[in-house]
Amino acid sequence: MRPLKTLFVAMSIAVPLFSVSAILHVPSIQAAEPSIYSHMATAQPIWAEHGMVSSQEALATRAGVEILKQGGNAVDAAVAVGFSLAVTLPRAGNLGGGGFMMVHLAEANKTIAIDYREMAPAKAHKDIFLDDNGDPDPRLSREHGLAVGVPGTVMGMELALQKYGTMTMKQVTAAAIKMAKEGIEVTPDLSTSLIGLKKRIAQWPSSAKIFYKAGGSNYRVKETLKQPELAHSLSLIAAHGSNGFYQGETAQKIVSAIQEVGGIMTLEDLKNYRVVERKPVQGDYRGYQVVSMPPPSSGGIHIIEMLNMLEPFPIDKLGHNTAATLHLMTESMKRAYADRSEYLGDPDFYNVPVEALINKDYAKKLASQIKTNKATPSSDIKPGNLAPYESDQTTHYSVVDQWGNAVSNTYTLNFSYGSGLVAKGTGILLNNEMDDFSAKPGTPNGYGLVGGEANAVEGNKRPLSSMSPTIVMKDGKPFIVTGSPGGSRIITTTMQVIMNVIDHDLNIAEATAAPRVHHQWLPDLLRVEQSLNRDTIELLEAKGHKIKVNNAIGSTQSIMVTEQGIFGASDPRRAGSETAGY
């Protein structure tokens, strides 16, 4: 890969623009955008003139920027990033999983939601994960052949490229094939994850062969990890498109691997997989248009529902991350997640009341129930059935090009490294997305959470998800392109980035780095990051909130488009991420 001579880079923590400008002789634009470049800013975003990529892994980001520099559009670059992450971020980037892509086309002034979520095999049924006593067996839906949903990533990337891109599959897979064949340098982030998940990954000989050395020892930082089988699978896709994955030798190897460990997926399941283009959900918040993913993602609906509840309150005057503001946000979260538990599922199987949930009058009714000085116990909010546990090992990336096109993409294998199973001879890690269904509606799963009928297992159905790729529009053009991993916390994370910019006038780097909170109705617990002010926590406790300081929340990769240029920031919460432009 040739070097990026005019690359502006942020690895986890953004580099101050004035330092980069001084070194690379970029014209100063500080005076033109004081809200971003004032000396009061506590974090500085990366600036670019033409295009930008923000992803969770540096090499993948650079592959996307190279495509932009070659004249490709945002979709071309997004597909290149998606295939590259399958090589460089194997715990979440993938060929054997699925996800959602939001595409905004500037010329047509149109935004499309591409649903390439995994589907249940045709023979799947609602009792598939129950043991002999009729109770859910988590092992069957997580580390077993039955756990694997029919992958959608390859066909999703192909559809986006063919309909909205300008380059060939061969061009956009070239970087990924080269990295898989020649090897990548093991980063501290990759080393840590492989060591931490070794027990689950190495239980499968086909996986241990790839991710650990002969004899079972670990790859050390700066050593080279080669994936020749994955390079071959990618080469088949480059030559034959999705047919090189869903048919032929790759398909046969995937089905054999799954059936050998008790799965029911067939060649027909792979051959019959289809991507669905859906109408995005859209809401208005303080004059901005929030455009996000519709069901089977629950994210877009509930981001809009929460923002609708918060709009009547003077959030800007109450202040950023004050107890007063966080209290109102928490109360809106509780009510939205109560609705999420009851009304969300695959819209091809279940009538999801989208318009009712994002209706502003409905939000006003919910907002009127919020007491400004007292937390409402979750038990007093309409009960429902919780969606199952969702892994936070997803990955998100955002892309903007020189023509004003934008892509917001979130995809996953579900758990870190999915099922942990590599289909022998392919180098492809297989998902365990079937765990996102409700194993037994009305009964707690292994995490004490309860599932609803709308998300029950059924053949050819797509499981509910929280993935929320989002584009915020200003005057009809992309303003913020964002999203995050984090399981059920994706929705609240994305909402907070949006509010940090719109309500509190933070630049995109400050909006990214700011402390986050999360409440999902049940359990009745407000989860906060350790960086949240202790006095604020005590004030929230005085209002009746039960608080737990826990792990960092989310890993946003965000881009903000202004008249002064394109600004981006990678979340400092995860190592190895990078935002870059040209």
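**A cavity and its surroundings**

Guide: The lining of the second largest cavity holds eight nonpolar residues, five polar ones and no charged ones. This is a predicted model. The space in the second largest cavity is about 70 Å³. Its lining counts 13 residues. Nearest the centre of this cavity are Ala86, Gly93, Asn94, Gly427 and Leu429. One of them, Ala86, falls in helix 4 (74–88).

How many cavities of 30 Å³ or more are there? The count comes to seven. Rolling a probe the size of a water molecule over the atoms shows where empty space is left.

Now the largest pocket. Its space comes to about 680 Å³. The lining takes in 33 residues. Lys474, Phe479, Val561, Thr562 and Glu563 are the closest to the pocket centre. By residue type, the pocket lining divides into 14 nonpolar, 11 polar and eight charged.

Glycine 71 sits in the loop that runs between helix 3 (58–69) and helix 4 (74–88). Beyond its neighbours within four places in sequence, glycine 71 contacts Thr166 and Trp403. Leucine 267 is 196 residues from glycine 71 in sequence. In space, their C-alpha atoms are 38 Å apart.

Last, the whole protein. The secondary structure comes to 22 helices and 22 strands. Along the principal axes, the C-alpha atoms fill a box of roughly 65 × 60 × 45 Å. The radius of gyration is 22 Å. A compact globule of 582 residues would have one near 25 Å, so the two agree. Of the 582 residues, 64% count as buried. Take the contacts with a separation of 6 or more: 73% of them join residues 24 or more positions apart. The accessible surface of the protein is about 21,100 Å². Carbon and sulfur atoms account for 52% of that surface.

How values were computed. Residues numbered from 1 in each chain as written. Predicted model: local features only at pLDDT ≥ 70, side-chain atom pairs only at ≥ 80, totals over all residues. Heavy atoms only, no water. 1 Å grid on protein atoms, 1.4 Å probe; cavity = no way out; pocket = protein on both sides within 12 Å on 5 of 7 lines; lining within 4 Å. Points joined across faces, edges and corners; volume = space filled by probe spheres on them. Nonpolar A, V, L, I, M, F, W, Y, C, P; charged D, E, K, R; others polar. Helix = DSSP H or I, 4+ residues; strand = E, 2+ residues; numbered from the N terminus. Rg over C-alpha atoms; globule rule 2.2 N^0.38 Å. Buried < 20%, exposed > 50% of the residue type's maximum accessible area, 1.4 Å probe, protein only. Contact = heavy atoms within 4.5 Å. Areas by Shrake-Rupley, 256 points an atom, 1.4 Å probe, with all protein chains shown as cover.
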